[in-house]
Amino acid sequence: MARAGHAWSRPSREEEEDEDDPLDAMIARTGCAAQHRELQECMAARQDWRHCQAQVRAFGECMARRQRAEE
């Protein structure tokens, strides 16, 4: 039983993964989610953004197109 005054408990890892990440939702609205996912996968595999320059450029170009379209 929780001590008096302390009813908070940390969600399980499974519960955390099920929650929507606000950053992921924002990126999905830009239309650049595929490029972002490719960049994330490269970063996870290579552990160094310098090895993922093609993905960095693709994501940056997609975001720039989106920004120009909004102007």
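The model is predicted, so local features need pLDDT of at least 70 and side-chain atom pairs count only at pLDDT 80 or more, while totals for chains, interfaces and linings use all residues. Residues are numbered from 1 along each chain as its sequence is written, and side-chain values use heavy atoms, leaving out hydrogens and water.

**Helices α3 and α4**

- Helix α3 spans residues 33–46 and helix α4 spans residues 53–70; helices are DSSP runs (H or I, at least four residues) numbered from the N terminus.
- The two pack at an angle of about 155°, with axes 9 Å apart; axes are lines fitted to C-alpha atoms over the stretch in contact, and angles run from 0 to 180 degrees between N-to-C directions.
- That angle makes α3 roughly antiparallel to α4 (over 145 degrees).
- Gln35, His36, Glu38, Leu39 and Cys42 of α3 meet Gln55, Val56, Ala58, Phe59, Cys62 and Arg65 of α4, where contact means heavy atoms within 4.5 Å.

**Thr30**

- Thr30 belongs to helix α2 (residues 22–30).
- Thr30 counts as buried because its relative accessibility is 16% (buried is under 20% relative accessible area, exposed over 50%, partly exposed in between, with a 1.4 Å probe and protein chains only).
- The Thr30 side chain reaches the backbone oxygen of Ile27 at 2.5 Å.
- Leaving aside residues up to four places away in sequence, Thr30 touches Met63 and Arg66.

**Arg37**

- Arg37 is in helix α3 and is partly exposed, at 47% relative accessible area.
- Arg37 and Gln55 are 18 residues apart in sequence, and their C-alpha atoms are 9.3 Å apart in space.

Key:
Angles under 35 degrees count as roughly parallel, over 145 as roughly antiparallel, 65 to 115 as roughly perpendicular and the rest as oblique. A polar contact is a pair of N or O atoms within 3.5 Å; within protein, one must be able to donate a hydrogen and the other to accept it, and residues adjacent in sequence count only if both atoms are side-chain atoms.
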